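Dear colleague,

I am passing this structure on to you, and below it you will find an account of what turned up in it. Please look through the sequence and the model before reading further.

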Amino acid sequence: MSDKAPKRNKLVFKGDKEHKKKKRKHRSSEHEDREIEGSTDQVWVRADAIEDLVGPLFITHPSEPPICVCVDEDDRFLAYPLPDTATPEPIIMQQVFVGARVIGSTDAFTLKSANGKYLKCDKFGVVSCDSEAIGGQEEWKPVLTDAGIAFENVHGKFLMVDEIAGGGVRIRADADDVGFCETFRVYCQARFKYKQKTKKKGGQGAISESNIKKYQSYGGSKAYTEEDKRELKRAKTEGRLAEALLDRREKLKADRYCK
């Protein structure tokens, strides 16, 4: 048997008790920064982009009373009532679904429950969460709206919250259009929220100018000009870019070994 301790679940709930660790006398500031960042990442935030739907999700609806989608231990799909708070958070694992893109599709997602089963809908609009494999009925297409996110099934119908006579609500998926009942508020953990990558500005000219400013006290005015850029572009087309770069370095006297 392995002596390694089991890994902690990646999904963390606010208020969960943490295992006590032995205090160490020497703690670096970097370690403290990581702890602060980790506590921030455990916060649930609104998903406002399609890319945010990859990972743990808490799906709610501002109905009366407000509800979240949930499953019980027997895989029954339920609308669970929530306290009317500004920032709702899940309190049990069964209130959390894991979103994932369908392989080979650009806009289809699956929603997997904590029991390892997939959310699905038949052609009559009956929603359940007891499927162990992914097929057409288990695919959902998220649609962004001004108020939240709607979920369209493979039959072209939308997931919706429906009031039951005598009180309470239920969830089905046979709505033709998106309105209040079809718009859900989805939350994801901050550490799983999609962060758009920014492209680095500049190219060969920016690199050359940076190197000149860094290593040459006299070369501030010898950065790439428009004429230099055109010459290098022409050299690249003709297949002599390396030779042209060496010639330029020789003229700038930036490298005595390139002569």
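Which residue forms a salt bridge with Asp-162, and how far apart are the closest N and O atoms? The partner is Arg-170, and the closest N and O atoms are 3.3 Å apart, where a salt bridge is a side-chain nitrogen of Lys or Arg within 4 Å of a carboxyl oxygen of Asp or Glu.

Before I go on, please note that this is a predicted model, in which local features need pLDDT of at least 70 and side-chain atom pairs count only at pLDDT 80 or more, while totals for chains, interfaces and linings use all residues. Residues are numbered from 1 along each chain as its sequence is written, and side-chain values use heavy atoms, with hydrogens and water left out.

Salt bridges

Asp-162 is buried, with a relative accessible area of 18%, whereas Arg-170 is partly exposed at 46%; here buried means under 20% relative accessible area, exposed over 50%, and partly exposed in between, with a 1.4 Å probe and protein chains only. A further salt bridge joins the side chains of Arg-172 and Asp-174, at 2.6 Å from N to O, and of these two residues Arg-172 is partly exposed at 23% relative accessibility, as is Asp-174 at 30%. Asp-162, Arg-170, Arg-172 and Asp-174 are linked in a network of salt bridges.

The whole structure holds 14 salt bridges, and one of them is formed by Lys-117 with Asp-75, whose closest N and O atoms are 2.9 Å apart. Because Lys-117 lies in the loop between strand 6 (109–112) and strand 7, and Asp-75 in the loop between strand 3 (67–71) and strand 4, the pair ties together parts that are 42 residues apart in sequence. Both Lys-117 and Asp-75 are buried. Strands (E, at least two residues) are DSSP runs, as are helices (H or I, at least four), and they are numbered from the N terminus.

Strands 7 and 8

Strand 7 (residues 118–121) and strand 8 (residues 127–131) pair in the antiparallel sense over three bridges, two strands being paired if DSSP finds at least two bridges between them. Lys-120 stands opposite Ser-128 in strand 8, and in the hairpin of these strands, which has five residues between them, Gly-125 takes a positive phi near 90°.

Cysteines

There are zero disulfides in the structure, a disulfide being a pair of cysteine sulfur atoms within 2.5 Å. The sulfur of Cys-70 is 5.6 Å from the closest cysteine sulfur, in Cys-68, and therefore too far for a bond. Cys-129 is likewise in no disulfide, with the nearest cysteine sulfur, that of Cys-70, 9.8 Å away. Cys-70 is buried at 3% relative accessibility, and Cys-129 is buried at 0%.

Aromatic rings

Four aromatic pairs are counted, on the rule that rings of Phe, Tyr and Trp (its six-membered ring) pair if their centres lie within 6.5 Å, with planes under 30 degrees apart counted as stacked, over 60 as edge-to-face and the rest as tilted. Phe-77 and Phe-97 form an edge-to-face pair, 6.5 Å centre to centre with 75° between the planes. Since Phe-77 lies in strand 4 and Phe-97 in strand 5, the pair ties together parts that are 20 residues apart in sequence. Phe-77 is buried at 16% relative accessibility, and Phe-97 is buried at 1%. Trp-44, Phe-58 and Tyr-187 form one aromatic cluster.
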